[in-house]
Amino acid sequence: MGIEVRNIKKVFNKKTVLRDINFELEAGKIYGLLGRNGAGKSTLLSIIANRIFSDSGEVLLDGESVFENDNALGNMYLMSERNLYPEGMKIEAIFKNTELLYGAFDLGYAQELADKFGLDTSQKFGKLSTGYRSIFKLIIALAVPAKYIFLDEPILGLDANHRELFYRELVDNYVKTQKTFLISTHLIEEITNILEHVFIIDQGEIVVDGDVEAILDKAYLIAGPKEDVDNYCQGLNIIGQENLGSIHGNYIYGSLDDKRILPDTVSIERMDLQKLFVNLTNISVKGGASK
Amino acid sequence: MMTTKEVSVTTYIFKHILKQLGVVIFWMAFSFIFFPWMFNGFDISKFSLKSSFKDIYVGSILAFIIPCLALFPYNDFKLLIQNGISRRTYWKARLFSFLGLSLLGQLLGIIISLLNPYTNHTWENGSMYMLLYGKYFTSSTTNSFLGLCFVLISTSVVTIIATFVGSFFSLFSKKTKVYTFIGFFVVGIVFINWIAIATQNQSAHVIMKNMGQMMTFIFGITPGNADGKWNPTMPFVTAIITGIIATFGSYKVTQKFKIKNE
């Protein structure tokens, strides 16, 4: 049970944006959808939420297609960069409309969050700054009674204080409601700690799909003199390289062979999610990333 | 039976259109007061509220305004898809709301013309149907009843057509819409020009004649019968068939709605 994305393909103006995307979202987890600009993240989320159509494939929620399915669509909420709310409508009116259309929207909680973030609900949506538009949409995302929440660049325009507050509220909401969150973002470092599972999408393909812990267990930086490092890394999946003076570093994604003898001059360090992401999606060096 | 979601969406759309209609009616009332006052040189002694309102055909005005409001469906679609509403539910709710308002508008128009002490006309005076078909039956009650039915059906059909046309144009980007309108304008001008020269061209003359016969058939024009005595069967049939086609078309087009990159 949960959301299944099956064989999604999408072509825009003869350019393939998504090619055969497959993944599953289990209920009650926080997922990360990471990808560079133009990787197809927003397109994928829009297809899942039935805002645009895929050229092939399907999206299922608890085994039922989400296409033209009010029950399924009512169990999802996509907060996107694109503003779909009427510019001339007041925030409080939008809250009330959301309550009318979604059902059990938690107005009290929304107001409480608005107070915490300093959002004036008597303002019109069109008058809000980019940051406050994001805050407003985040509030709806947290207060809406949907089980699956998709956040596309949720911290767009938010200052550091608001970002901190958002992460706290997100985790608090997750603990209380056990909703499923799928967060698409560029600011990977900030969000790593709250993600349980990540999908890395590159050039329209999912190149990594796994639990954060398991993924990071397979991500290493092997550093030392170039010759020693290259000898040690022979046969390993090198996804990137770096030089700092005489020190050479190879980024590895995959299991290390225990039988290899580690020279004294070579060190092995763990890679963080951001470094892994950068190396996997770097166009100049394309290592064969394995899922 | 409507689902809870369909009721919620219909309620939202109905209220939203009602609000828009309220704004339009406010400006209309303002215009009906302001222009007579202005043309009387802003002289309050010459201004009469009674004469300002006596010639208003509320039903006809609403029959024009409500379809105009139905021409712009995209903003509602954006909000509703953001709120997890399917295209089918959106289409159904929108159709019900506009049809409901359209019927209410016509009933309101008829009631006002019956009750308004200032008005100097009856609803039949403003009805094209009564003018062309209103004397077909010997019973004036039957004629009036059919006239009333036709008003309700035809305004509903016009509203559905507007929904269809509005939905169709919502599929395109702003740029494409502008080019399409220019295209329609040019084609319209060429068509008018073509009609003007049709009498001089033998083949065009035949086409015009055929078109005339088709219009005669569609509108039930009965040669030899005086105005008011034309057969009303065909206008009813035409309206109902057009309504069914437009309903089906608007549904199919709404199914293609998507969030645009603009």
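Colleague: How many bridges pair strand 11 of chain A with strand 13 of chain A, and in which sense do the two strands pair?

Modeller: This is a predicted model. In it, strand 11 (residues 219–225) and strand 13 of chain A pair over seven bridges, in the antiparallel sense.

Colleague: What joins strand 13 of chain A to strand 12 of chain A?

Modeller: Six bridges join them, and the strands run antiparallel. Strand 12 of chain A covers residues 238–244. Here A:Gly240 stands opposite A:Tyr251 in strand 13 of chain A. The two strands form a hairpin with two residues between them. In that hairpin A:Gly245 has a positive phi near 65°.

Colleague: How should I read the side chains along a strand?

Modeller: Start with the general idea. In a regular strand, side chains alternate between the two faces of the sheet. Then check burial.

Colleague: Why is strand 13 of chain A described as largely enclosed by the rest of the structure?

Modeller: Because five of its seven residues, in the stretch 247–253, are buried. The cut-off for buried is 20 or more other C-beta atoms within 10 Å of the residue's own. Across chain A, buried residues make up 42% of the 291 residues.

Colleague: Which strand order does the open sheet of four strands in chain A have?

Modeller: The order is 2-1-4-5, with antiparallel pairing. Strand 2 (15–25) and strand 5 (64–65) of chain A are the edges, each pairing on one side only. Strand 5 of chain A pairs with strand 4 (residues 56–61) of chain A over two bridges, antiparallel. A:Leu61 has A:Glu64 in strand 5 of chain A as its bridge partner.

Colleague: Which helix packs on that sheet?

Modeller: Helix 1 (residues 41–48) of chain A does. It touches strand 1 (3–12), strand 2 and strand 4 of chain A. Its direction makes about 120° with that of strand 1 of chain A.

Colleague: What about the overall build of chain A?

Modeller: Chain A has 10 helices and 14 strands. Its C-alpha atoms fill a box of roughly 65 × 40 × 35 Å along the principal axes. Take the contacts between residues at least 6 apart in sequence: 70% of them join residues at least 24 apart.

Colleague: Now the two chains. How do I describe a pair of packed helices?

Modeller: Two packed helices are described by the angle between their axes and the distance between those axes. Helix 3 (residues 91–102) of chain A packs with helix 1 (residues 4–39) of chain B at about 145°, with axes 8 Å apart. From helix 3 of chain A come A:Asn97, A:Leu100 and A:Leu101. They meet B:Ser8, B:Val9, B:Thr11 and B:Tyr12 in helix 1 of chain B. The residues of this contact divide into four nonpolar, three polar and no charged.

Colleague: How many residues does each chain give to the whole contact?

Modeller: Chain A gives 21 residues and chain B gives 19. On the chain A side, helix 2 (70–73), strand 6 (76–79) and helix 3 each supply at least two. The largest share, five residues, comes from helix 3 of chain A. By class, the chain A side has 12 nonpolar, five polar and four charged residues.

Colleague: Where in chain B is confidence lowest, and where is it highest?

Modeller: Helix 2 (residues 49–53) of chain B is lowest, with a mean of 71. Helix 10 (residues 233–254) of chain B is highest, at 95. Chain B has a mean pLDDT of 87, and 96% of its residues reach 70 or more. For the complex, the predictor gives an ipTM of 0.87 and a pTM of 0.87.

Definitions and conventions: Residues are numbered from 1 along each chain as its sequence is written. Chains are lettered from A and ligands numbered from 1 in the order in which they are written. This is a predicted model: local features need pLDDT of at least 70, side-chain atom pairs count only at pLDDT 80 or more; totals for chains, interfaces and linings use all residues. A residue is buried if 20 or more other C-beta atoms lie within 10 Å of its own, exposed if 12 or fewer, and partly exposed in between; C-beta atoms are placed from the backbone. Two strands pair if DSSP finds at least two bridges between them. Axes are lines fitted to C-alpha atoms, for helices over the stretch in contact, and angles run from 0 to 180 degrees between N-to-C directions. Two residues are in contact if their C-beta atoms, placed from the backbone, lie within 7 Å. Ala, Val, Leu, Ile, Met, Phe, Trp, Tyr, Cys and Pro count as nonpolar, Asp, Glu, Lys and Arg as charged, and the others, Gly among them, as polar. pLDDT is the predictor's confidence in each residue, from 0 to 100.
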